[in-house]
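Student: I am new to this structure. Could we go through its aromatic rings and the words used for them?

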Amino acid sequence: MVNFAKRSRNDLFRFSFFSLIFKNKRFVFWVRIISLLIFIGAILDGFLNPFETKNSFAVAIFWSFFWPFFMVVSLGAAGSVFCGICPHGFLGKYITKFGLKKQVPKIAQNPLIGLGFLIIGYWLTLYIFPGVLKSPLISSLFFLFFTFVALLSFFIFKDMSYCKYFCPIGSITSSFAKVSPTWLATYQNHCATCDDFACAKACPYHLSPFNFDKKGSMQECKLCMECANACEAVGFFATKPSRSLFKVNKSSKNSEIWTFILIVWVASISMILKNALGNSPIAPFLPWNIAAHKLTSEFGAFSFDVAGAIVLCLSFALVSIFSIANYLLASKIHKIEFQAIFQIAGYSVAPLVIFGGMAQTMPFFLTHYGPDTLNAIVALFDQSLATFGPFVQKSNHILKIFAMLHFFGVFWGLKILKSRIRTVKTNINQTALFWQLSAFHLFYLSMIILTIVSFAAFK
């Protein structure tokens, strides 16, 4: 154990602010307590006011603040800090200490299980039955269910297995944290003389922070900072965004790539088609809206959003064509194993979701999520005071600045792709391979440009 380490210039722990919010045990503990109380309060509010949708505290906290805003922005800015204050993880660290400590069955050791819960329970519901998640009662039941699953998992299984395999956002935070400009690691000159491995012993996920640099991966690190509190040789570094994605390494997992692809389907392409283009001046001429109109005219009103269902199917087909089908084609053309192509190209999709998500979330926060959350909090004390309007009007030109994040995501994704292609050791035309595998990025870019042009040309 190291009691003191001379920190490098890019170590955020050099600054008292970051040491306070990440390493001060008392401060972190109370932040987690507050997060837990807000979480419990939101669940209770959904049961106490099950049908009150206006200024609902449950709906605002779950669907306007925690999930769409805080997590999306924090992942891109600092990594998995959301997990550091997650109420489930906070309780889990105590429950698992006296639990049964059983090993998760091999068949269940797949982080895509939790992601599947999220896609089915949230994204598919959002598109096909959009009004359901606006219900305070449904929202509370949704999170109460996963709270029950979390507490049960923590009690039965060891190593915080719920966070790794069953948490709906666990796969997302582990995968997309790789895009952030932060990196947790240790000072190897101090680790060379270490004989007690205090950082690894303190980690509730049984990880070895002193190996993060060697492996080129932070693995399933949730930035709980228990290791940083156990040993001063642990640092939290500001670094180049996506630094671990610029090289192909053996610790890469297919589940991470599938996470990128599935999320870009439901949270990027589908969102662009349904919301961005769906709210543009050309919305009446979009084929899915025309098809939905014809179906409802022919068969009457449906109990679900027909346009949303069509968009999900269409975007799934498009994402499949520009990713998996294109990767298979590249494998045959360039005579490279599909797994190698999958590893090279799959990770370059990550910036599209992170920066694209921020491009959509930030304007929504200023026009919708922010005031909704503020009104919900104020309404707890006095409903008559909950009159806050949008922080910024939708017509404000400042919102257009956030659209640049889409372009940055495409640029950064292509930069990662080019770097990863260089690691291929065979005699191939790297330029041809780059342009073929960049089809996904160019398709995404075309959707963004089409949206911008539709607003500019037909307003």
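Student: What sits over the ring of Trp-183?

Tutor: The charged end of Arg-243 does, 4.3 Å from the ring centre. A charge sits over a ring if NZ of Lys or CZ of Arg is within 6 Å of the ring centre and within 35 degrees of the ring normal. This is a predicted model, where local features need pLDDT of at least 70, side-chain atom pairs count only at pLDDT 80 or more, and totals for chains, interfaces and linings use all residues. Residues are numbered from 1 along each chain as its sequence is written, and side-chain values use heavy atoms, without hydrogens and water.

Student: How many aromatic pairs does a search of the whole structure find?

Tutor: The search finds 45. Rings of Phe, Tyr and Trp (its six-membered ring) pair if their centres lie within 6.5 Å; planes under 30 degrees apart count as stacked, over 60 as edge-to-face and the rest as tilted.

Student: Why is the pair of Phe-29 and Trp-30 called edge-to-face?

Tutor: The centres are 5.6 Å apart and the planes stand at 80 degrees, so the pair is edge-to-face.

Student: What makes the pair of Phe-338 and Phe-342 stacked?

Tutor: Their centres are 5.6 Å apart and their planes are at 25 degrees, so the pair counts as stacked.

Student: Why is Phe-342 called buried?

Tutor: Its relative accessible area is 2%, and buried means under 20%, exposed over 50%, partly exposed in between (1.4 Å probe, protein chains only). Phe-338, at 27%, is partly exposed.
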